[in-house]
Amino acid sequence: MAKLLCPYCFSRFTSEQMQFRCVNPTGDCPMVLDVELSRFVSDGSPPVPKPRTFTPPRPFWPGVPRSAMCSCRYETRLKLCPHCHNEWPTGLESTENLIIAVIGAKDVGKSHYIAVLINTLTNDFGVRFRASLNAVDDRTRTRYAAEFRKHVYEEKTAIPTTRAARTYPLIYRLVFEEGTIYKSLRVVTLVFFDTAGENFTTTNTLNAHNRYMASASGILFLLDPLQIPAVQSRLAGKRVFPEERTNPIDVVSRTDEVIRNVLGLDIHKRIRIPVALTFSKLDAIRELLPRGSVAHRDCIHQGVLNLTDQEQMNETMRTHVAQWVGTGLEQLVSQRFAEYAYFGVSALGCAPDEHGRIAGGVAPFRIEDPFLWLLYRMRVIDGQRRKTA
Amino acid sequence: MSFMQAYYTSCVSGLRGSKGFQFNAATPGFDPRLLDQIERLGMYAPPSSAAVQPSDEELARFPLVLLYQPLGGGQSVLAQSRYIGLDYSGRWGNYFTHYAVTENTQRDLANQLPIELWKSPAWMSAESSQRELPHVSEFPLSGVIDAEAVRSFVNERPGHVAGIVEATRLALKTGRRVVIVDEDESIAKWIAAATYALPRHLALATSFTTYAKSPYESGAIIIGTTGDSDFRGTQFEIDHQYSVFDFIHGRFSPIDVSSRFAKGVAAAWRQSADRVANFAAFAQLVDAGVEAAAVDQTWFGYALTDGRLEGTVTPADIMWLTERVERFNSEQMRRVLSSVIGNGALRFDLAEALFQLYHRARRTPVATAVEEQIAPWLAQTAITESESYCERLAELSPHSENVRRLAAPLAPQWFQAIDSAASAPRFAALLVSGDVLGFALADPRRTGAAAARWITDASVQARVLHLARNASGEMLAATVAALRAMPPAEMPLERIESWLRDEQVRGVTRDVVAESEDIGFYARVLTVLERDPFTAFNATVLTAKQLDGSVTAARIDEICSIVWRGVTPHVRDVLRISETYPALMPATKLLFALPPLLFMQTTHPEEAEQLAAVLAKMENRTALGNRFYPVAVFQARRALMHLNAADPYKPLETAITLLGKRNLDTGAAAWLEDAIANNLLSIRDPRVHTKYLSRAIAVHGDLLINYARRAVERLCTSAVPVSTAAYLFQVWRIAGEHREWLLAEGLASQLRGWPRKRVDEVGHELARVDNAAATAWNVWRLELGGKKTTFLGRLFRRRGSGQGGAR
């Protein structure tokens, strides 16, 4: 029987082990100290009393029951992970769950990328792919509104630096409409992790906060070209460079180490998780790319991934990366990961000014490319070779 | 006192060696795992409505975090977290957390509460250029939070102080978190209001944070937050999950503030800050380590020592005092008891508890203080109130000079009370208390006179005699004289029994009885004195012989009726009497013997035979056998139980004949009926059965009832003759208790054989005799019909006719 994967603690369990929390509004059901939840939070504080949890009797039909009857005779629908007691997102047990890990060093623009990607998927993407994206739970909705949309789209400012601690994921449901005559819906749950760049600076912190990477369906490495010394020397005097200078090879090799540790993977085998090596802030290095390069023009994917464009972009970025950081990155990635591709994106379209304001508003460029490629590798969408303009 | 420090912020260089959020500096020796643990605690998320790029003024308005969290193993962490906006790279979202970790919380926070460090000038908010920070011995207080400041704050908002205090206590007890939505400084003051009132160890167990954007992700006991936080505040959360005090939106959890602790603390905050602050010291002294659940009691003790009685005193309160009596000083104990006793009339259970307290305090330094308060109160209460207090007084330091000295002023009151005692129990109680307090011997003549007045009352005798023996010769003499003066015949056995509980009184009584010439009185006393009734009987008969020279049958009969008053003598006693006094065995004893004789026939056949033989001799001698036939009945039953195969019906004929005797005792007749009925039911030949049954019924009509009962019990009602309506109805009535099976079998099968006309006739016949019986008969017949009709019967039955069923 296929096991369910908790998006919070990444424990796997069978549908019969799913627990329920009684939320009897009359308060007849006694509160109990929730040790599991307290252990998950792990800040050393004593357990918090929560409504009681229970595992319902084994259902006649396999699968997770919609509801369960508590001993207080209240029928509850609130499901929980039996290991961490976090609320189980609605419908997660009956859909394909794809965890997208957005990984990158500090200041590469992970939060900006996620903020703009989700906004794009919510608005523009739907028409072209006959799909819709919506948040699964209130926590996601609130967090996206307060920590992402508020800054980028409402205040038009850069997103404040992300706090270095374990955060809850952003969970979305992507619904595709399939078929022409007999229409049906295909539902995919997307789990995005946006963690602070500080978490990628040592293997220890990576282990502590980013164990989700091993359970990811796709990894999106965000790399900041402005942190590469070769790029900085070529653009000297023209751009303001971040103070960070994280070597992309370090981040990739640490990630590889963590995934192999968690999965217990042999060093001789390559990791089969598709990896999108994505260079952010493409707008800032556009002048380093030759005129007529595919990286100068945006690509609108109409219902399918434009494979021709993706391959051209991959080759272009691979070539330039080799020039900027040498062939070490390519060698490392090709030896460690079975599937990978290079991308170049710009989430904001321009760099924020010295006050952190996005004066011209958000103008994303090729923001979908790596995400769509991951969906394509996960067989969620199709790809097609097309003539490029 | 020593705190390790650590700074955490987004900085260029720190302990991790790279840029970004990290520990900027820390005291050497910090365990890296501890740093990992506290990192999450000090995380700062600005409020949702806060400015994205705030000015300096706006920055100052960001909620300030002061958090305190015990970490286990005696460690705890204090931290101040402040939003500072820009980081080294010019990005917003930076904050600065200054941690202070103590290895020994009790030692390092012995003189100050964690919340008092609110805005302490020692808290830093700028990163250090050095990686190593020194230990800090002390955190200077800002003065923003102190008892007086909290008092004035609380008194401006008196409505919720009791709720917050009680909710905090509840949180420590059950883990139910307290969420306060307010300005950060107000939250700090609310936390102070709650923790000032707690015993020190509980205050140090109360973790808190003055601000958390998401209270759901904070594990603190008291969580402060802002109006725009992630806290949803659903009705379920407010009512059941959290104790919510939302001063911004006006949402409050229903908290029961009826506890004495909550009410007392709220009142104390109104009165003076010291009164609240001193409680911790009191709790440390008297009830160190008290649990949150029991702090109510500790507060009550504190209120008592403070001379401020709040609510009513319960025995549990006194028990609490009793368990901790040695921890109070004399002055405190005086104030406590003065508060309790001075509260007015006390219930007896409270007095009992005070009495326990007195006993516990005996060997402690506060013994004198306790005795000084309790002894006069108890003496006064004993004299003026109820008898129960006198018993307790009797147990109070017997003949203690101190008690007598304390109670001496009450002597005139006692004499007045004993002179005017309105009842014997009251007199006895006063006598007991007077004995303890030394009043009884102060004027023995006056006491003796009062004792003589009440000595005749049954309920006081034993106690008074007991006291009289202890008290003085005059009282004893007066008592015995009163006893002797009483006509013995008027003394009921209960009174004699009450005397004889005391060994010495028993001696006095024997003397009195020996002097008495009343054999009836003698017999009564001996019945109580001797466990074996036959011994009492024998002794009395012997005494009667000495007094009268001989003893008559009538005398023995009288003695027997006294010794076995209302009780059937045991068969062994009957045998012993009949063997000891064969010539004098009275006729009544035969009747006594009959039921056990017949009963023993089945249980103890040998003894029964022995008794029967004795009785047979006596019957012959006294010619009583012709009147009561006990032995004849015995023998007839024996014959029916052991049938002779040669002539099985002869015993039955004999028994039926005996049953027809006119003077046959009713009880014996019943035994005989039973035997006959059983024998009849065992006859298989219907002709013989009918013959003897008819004869028996002719001789003794009531036999039918007994027979029917037996038949019903043995499930063979088909053998019961129900040829006439009267018989049928009688049988039916007897069988009422067994109706279920009766409806299925037995009588019903007979009735089905009857023609409808005859069934109706039974109803008519019964109606003439007894309407109620006729109705009952018809109802039963209808029920019978409902149960046992055939398919066709049901098909053609007319509803309500009641005829189909009986057919």
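**Questions about a predicted two-chain model**

Me: Leaving aside neighbours within four places in sequence, which residues is A:His301 in contact with?
Reply: Happy to start there, keeping in mind that this is a predicted model. A:His301 sits in the loop between β15 (275-279) and β16 (305-306) of chain A. Once its neighbours within four places in sequence are set aside, its contacts are A:Arg128, A:Phe129, A:Asn306, A:Asp309, A:Glu368, A:Asp369 and A:Leu372.

Me: Is A:His301 buried or exposed?
Reply: The relative accessible area of A:His301 is 1%. Buried means under 20%. A:His301 therefore counts as buried.

Me: How much of chain A is made up of buried residues?
Reply: Chain A holds ten helices and 18 strands. Its accessible surface comes to about 16700 Å², with 49% of that belonging to carbon and sulfur atoms. Of the 389 residues in chain A, the buried share is 57%.

Me: Among contacts in chain A between residues at least 6 apart in sequence, what share joins residues at least 24 apart?
Reply: Here a contact means heavy atoms within 4.5 Å. Taking the chain A contacts between residues at least 6 apart in sequence, those that join residues at least 24 apart make up 73%.

Me: In the open sheet of three strands in chain A, which are the edge strands?
Reply: The strand order is β6-β3-β9 in chain A, and the pairing is antiparallel. An edge strand here pairs on one side only.

Me: What is the bridge partner of A:Arg21 in β6(A)?
Reply: Strand β3 (residues 19-21) of chain A runs antiparallel to β6(A), and two bridges join them. In β6(A), A:Arg21 has as its bridge partner A:Thr53.

Me: Turning to chain B, which strands does helix α1 touch as it packs on the sheet?
Reply: The sheet is open and has ten strands, in the order β2-β1-β5-β4-β3-β7-β8-β6-β9-β10 of chain B, with mixed pairing. Its edge strands are β2 (20-26) and β10 (251-252) of chain B. Helix α1 (residues 32-41) of chain B makes about 145° with the direction of β3(B), and the strands of chain B touched by this helix are β1 (3-11), β2, β3 (65-72), β4 and β5.

Me: Which residue in β5(B) is the bridge partner of B:Ala79?
Reply: Strands β4 (residues 75-85) and β5 (residues 94-102) of chain B run antiparallel, joined by nine bridges. Within β5(B), the partner of B:Ala79 is B:Tyr99.

Me: How are α12(B) and α14(B) oriented to each other?
Reply: Two packed helices are described by the angle and the distance between their axes. For α12 (residues 315-323) and α14 (residues 348-361) of chain B, the axes come within 9 Å and cross at roughly 5°. Angles under 35 degrees count as roughly parallel. So α12(B) and α14(B) are roughly parallel.

Me: What is the make-up, by class, of the contact of α12(B) with α14(B)?
Reply: On the α12(B) side, the contact includes B:Pro315, B:Ile318 and B:Leu321. Among the residues they and their helix partners meet in α14(B) are B:Leu350, B:Leu354 and B:Arg360. By class, the contact has seven nonpolar, two polar and three charged residues.

Me: What separates the C-alpha atoms of B:Ala411 and B:Phe439?
Reply: B:Ala411 belongs to helix α18 (residues 411-419) of chain B. With 17% relative accessibility, B:Ala411 counts as buried. B:Ala411 and B:Phe439 are 28 residues apart along the chain, and their C-alpha atoms are separated by 6.2 Å.

Key:
Residues are numbered from 1 along each chain as its sequence is written. Chains are lettered from A and ligands numbered from 1 in the order in which they are written. This is a predicted model: local features need pLDDT of at least 70, side-chain atom pairs count only at pLDDT 80 or more; totals for chains, interfaces and linings use all residues. Side-chain values use heavy atoms; hydrogens and water are left out. Two strands pair if DSSP finds at least two bridges between them. Helices (H or I, at least four residues) and strands (E, at least two) are DSSP runs, numbered from the N terminus. Axes are lines fitted to C-alpha atoms, for helices over the stretch in contact, and angles run from 0 to 180 degrees between N-to-C directions. Buried means under 20% relative accessible area, exposed over 50%, partly exposed in between (1.4 Å probe, protein chains only). Accessible areas come from the Shrake-Rupley method with a 1.4 Å probe; for residues, only the protein chains shown count as cover. Angles under 35 degrees count as roughly parallel, over 145 as roughly antiparallel, 65 to 115 as roughly perpendicular and the rest as oblique. Ala, Val, Leu, Ile, Met, Phe, Trp, Tyr, Cys and Pro count as nonpolar, Asp, Glu, Lys and Arg as charged, and the others, Gly among them, as polar.
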